[in-house]
Amino acid sequence: MTTVNKDASKTQLDWKRILFILIGLTLFAIVNFSPAWPDAVDPTGKRFVLSAQGKGALAIFLLAGTWWVFEVVPIGVTSLALGALQVLFAVRTAKEALKDFMTPSVLFIFGSLIIGMVFTKTGLTKRLAYKMLAVVGERTSMIYLGCFVVTAALTHIMAHTAVAATMFPLLMTIYAMYTDEPGPTKFGKGLFMGMAFVAGAGSIVTLLGAARGAVAIGFFKDIVGRDISFFELTYYMFPVGWAMTFILWGFFMVLFKPEKKTIPGIKEKAKALEKAMGGITKQEILAGTIIFLAIAIMSIKQFIPAISSLDKNAIMLVATVLFFIFNILDIKDLETIPWNIILLFGGAMSIGFCLWETGAAEWLAINWLTMFQKANYFVFILSIAFFVMIMTNFIMNVAAIAISLPVALVIAPYLNVAPEVILFASLVTAGMPFLLLVGAAPNAIAYDSKQFTTGEFFMYGIPASGILMVIVALSIFLWKLMGMPITTM
């Protein structure tokens, strides 16, 4: 009887999978083979034509979203399909579509995952986990909070991708002490999904958390002619980032309240396990030194002209090579890298550049924002933040800002909206893509825990995104009190 039920369940799941495969293909076919779509017209009267290639990019975009959310095939395989479709339907050439699978950003993610592996293999992860548990104690709510606070704090001084890769093995160690039962738990879902969300929240506070801030500020300076300093950004973003961190803690405590209120004896067990590990080894010191130097150079290079030209991706790759030179890692470790995650981001980069280069993203931005060109200033600001939030789940957050800011800054004077609030509202939502794994590397890294599905991530990301929009709305009033110009009147 049990075997029959299992077989029936498997058949049902197969039909569901086939249904969503067909839905993705149908959406692709409807958009790709439809007649030409109307031009987008900006407030100055300039027309933007959606080319056949741009329409093809939107078609692939819809297929990608459907397949990624419902995970009809492994997420990395969906990414490969995106590259192939661009070439087969002449949206972009093979050279253009496939080179994005190994952009510098993808290699940075690769290097970040390597650092996470080093933490695990050398034992540094266990040491950090045991020390944290000794501090936060036995209550699972405090373990949640401790992990989230450490994650957010680290994103102030290093890229959130590297933070997620560092925290992931630490959380795996903590989770192993929570239960040895196979399969996901509420605590596991909240711990890993929460880490991904909080990594985004913390990363908006400084320019060191992600590249999006520095790029957006440079872009803003070119358009508006005013610079935003490192400390000005932190001044306005600090209360927003940390408010979201603690709100997300409450969010996950409600939706994923741990099955156990406490883990009895975990504090003493953590101390005993740390003591059993003995003194720190030479390999741990060497690995820690390489990691610290890499992070330190990436963090301070923008303040030191002599090293400002050093590329962060190259720094990560040099660290990766050093791990193998000093035998901290070997060929077996290379074979265990989660290539599914790396392929996922390769595909995300490919479809992102595809939307950008074909003009499809700009066409979307203009159509969306011009709907609000006669709206109240408050509604207009939120419409920009919302557009960036949705787009950053599918394409690079820098690109999402870059396609929306120029249009928004053209419309803003007509509504007496100050450019600063547009920049900061966009940066807040660009940092927190809560819907799709491709929105940010921490999302995909957390997914490797196997505690949640892509569908679950999407469903719980909807209320989290709603909370984010409420926080953006409240932040507009807070920023005004803090001295930011909101309107030009």
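**Close-up views of a helix crossing and an aromatic pair**

**View 1. Helices α11 and α20 cross in a right-handed manner.** A crossing is right-handed if the near helix is turned clockwise from the far one by less than a right angle, and left-handed if anticlockwise. The model is predicted, so local features need pLDDT of at least 70 and side-chain atom pairs count only at pLDDT 80 or more, while totals for chains, interfaces and linings use all residues. Residues are numbered from 1 along each chain as its sequence is written, and side-chain values use heavy atoms, without hydrogens or water. Helices are DSSP runs (H or I, at least four residues) numbered from the N terminus. The axes of α11 (residues 230-255) and α20 (residues 419-430), as lines fitted to C-alpha atoms over the stretch in contact, come within 11 Å and cross at roughly 50°.

**View 2. Residues of α11 and α20 form the contact.** Contact means heavy atoms within 4.5 Å. Helix α11 contributes Glu 232, Leu 233, Tyr 236, Met 237 and Val 240, and helix α20 contributes Phe 424, Leu 427 and Val 428. By class, seven of these residues are nonpolar, none is polar and one is charged.

**View 3. Phe 110 and Trp 339 form a stacked aromatic pair.** Rings of Phe, Tyr and Trp (its six-membered ring) pair if their centres lie within 6.5 Å, and planes under 30 degrees apart count as stacked. By this rule there are 29 aromatic pairs. Phe 110 lies in helix α5 (residues 104-122) and Trp 339 in helix α16 (residues 339-357), 229 residues apart.

Definitions and conventions:
Axes are lines fitted to C-alpha atoms, for helices over the stretch in contact, and angles run from 0 to 180 degrees between N-to-C directions. Helices (H or I, at least four residues) and strands (E, at least two) are DSSP runs, numbered from the N terminus. Ala, Val, Leu, Ile, Met, Phe, Trp, Tyr, Cys and Pro count as nonpolar, Asp, Glu, Lys and Arg as charged, and the others, Gly among them, as polar. Rings of Phe, Tyr and Trp (its six-membered ring) pair if their centres lie within 6.5 Å; planes under 30 degrees apart count as stacked, over 60 as edge-to-face and the rest as tilted.
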